[in-house]
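Hello,

Here is the structure I promised to pass on. Please open it alongside this message; my notes follow below.

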Amino acid sequence: MQVFRGFHHAALAPACALTIGNFDGVHRGHQAMLALLHSEARHRGQPSCVLTFEPHPRDYFAALAGKPELAPARIATLRDKLTELQRCEVDQAVVLRFDRELSSLAPQAFIREVLVRGLGARYVLVGDDFRFGAKRAGDYAMLDAAGEDYGFDVARMMSYEVHGQRVSSSVVREALAAGDMEHAARLLGRPYSISGHVIHGRKLGRNLGFRTLNLRFHHRKAAAQGIFAVRVHGLADEPLAGVASLGVRPTVEDAGRVLLEVYCLDWPAPLGAEGAYGKIVRVELMHKLRDEARFEDLDALKAAIDRDVENARTFFASLHEQTRRQTTRDRI
């Protein structure tokens, strides 16, 4: 998949089959839309293209109003969003900076300058609640009428449901905020995960007896927060079981930045003590153990981590037993 920052690139195809959206989480509703886009693009002999935005438009308007609390909790980083788009066989992803200029663009100007002249859209697929342009004044009917004038086809995909529930990024955020990782996985079609480079931290974990992998979450509000049983991909041939904290570390820092700290229950010896730094890992948050908490001192924090590790081991033992029983039933 080719990724472009903006649409002023000679490498962009002169014509494409396009869809537009924030695609936070790339959940099952998004995946269904991208499958339809992929099919239509192949039928037309054009590349499939996703137009998405960074920052999230609601982030921009919340900052503009001086009310950061109005910004949505973020499900995925840009890295993870692009990774999932690639898994859905998208050919091109165009990331537009959402700023004052873009937010003030009238709907007709957005169609003319971005969709037609910028991206060469020949087919545009949108969701049933799609709005665009300054003050969200543009809608499907306006886009469809413009397609007649500019020579592109427009299609609309209705809501995608799982067990009667409409799948949306808002519903995924609600599941993650509630710590219901199993429901979030059903909505996403996969376990919820965060990826990134392993960075150096304050080395506090090793002093407590728990050497951790540190990953930054590059947004101020993560959709999930707390302590989790996790699986780590990218350090060994098989995923590693672990326990992780996703949050602001209230006992030792509370600096407002979100950090994912992962302790692997069984560290792979070939890596050595420092072998994980700089590697890109993917951490699946399998089960929430508890909320993040502030402790009186480091001794109390260490005791809590001991309990978290024990609870994580219990969770994985139970998961292994469920898998064993299912395998036995399948054989019978």
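**Helix α5 and its surroundings**

In helix α5 (residues 107-118), the buried residues are Pro107, Ala109, Phe110, Ile111, Val114, Leu115 and Gly118. Which elements do the buried residues of α5 pack against? They pack against strands β2, β3, β4 (92-97) and β5, and against helices α4 (100-103) and α6. After α5 comes Gly120. The phi of Gly120 is positive, near 60 degrees.

**Confidence**

Keep in mind that this is a predicted model. The mean pLDDT of the protein chain is 91. Of the residues, 92% score at least 70. Among the elements, β2 has the highest mean pLDDT, at 98. Helix α9 (residues 204-208) has the lowest, at 62. Where pLDDT is low, the predicted coordinates should not be read in detail.

**The sheet**

An open sheet is formed by 6 strands. Their order is β1-β4-β3-β2-β5-β6, and the pairing is parallel. β1 (2-5) and β6 (153-157) stand at the edges. Each has a single partner strand, so one side of each is left without a neighbour in the sheet. On average, neighbouring strands are turned by 25 degrees against each other, direction ignored.

Helix α6 (residues 140-150) packs on this sheet. α6 touches β5 (121-127) and β6. The direction of α6 makes about 155 degrees with that of β6.

β2 (residues 16-20) and β3 (residues 48-54) run parallel and are joined by 4 bridges. Ala17 stands opposite Ser48 in β3.

**Salt bridges**

How many salt bridges are there? The count comes to 18.

Asp24 and Arg173 form a salt bridge, with their closest N and O atoms 3.0 Å apart. Asp24 lies in the loop between β2 and α1 (28-44), and Arg173 lies in helix α7 (residues 169-177), so the pair ties together parts that are 149 residues apart in sequence. Are these two buried or exposed? Asp24 is buried, at a relative accessible area of 5%. Arg173 is buried too, at 11%.

Glu84 and Arg190 also meet through their side chains in a salt bridge, at 3.5 Å from N to O. Glu84 sits in helix α3 (residues 78-87), and Arg190 sits in the loop between α8 (181-188) and β9 (193-197), so this pair ties together parts that are 106 residues apart in sequence. Glu84 is buried, with a relative accessible area of 10%. Arg190 counts as buried at 15% relative accessibility.

Arg131 counts as partly exposed, at 36% relative accessibility. Asp139 is partly exposed as well, with a relative accessible area of 26%.

Last, the network. Salt bridges link Glu40, Arg44 and Asp153.

**Where to look in the viewer**

- Helix α5, with its buried residues, including Phe110 and Leu115.
- The edge strands β1 and β6.
- The salt bridge between Asp24 and Arg173.
- The salt bridge between Glu84 and Arg190.
- Helix α9, with the lowest mean pLDDT among the elements.

Best wishes

Terms used: Residues numbered from 1 in each chain as written. Predicted model: local features only at pLDDT ≥ 70, side-chain atom pairs only at ≥ 80, totals over all residues. Heavy atoms only, no water. Pairing = 2+ DSSP bridges. Helix = DSSP H or I, 4+ residues; strand = E, 2+ residues; numbered from the N terminus. Axes fitted to C-alpha atoms, helices over the stretch in contact; angles between N-to-C directions. Contact = heavy atoms within 4.5 Å. Buried < 20%, exposed > 50% of the residue type's maximum accessible area, 1.4 Å probe, protein only. pLDDT = per-residue confidence, 0-100. Salt bridge = Lys/Arg side-chain N within 4 Å of Asp/Glu carboxyl O.
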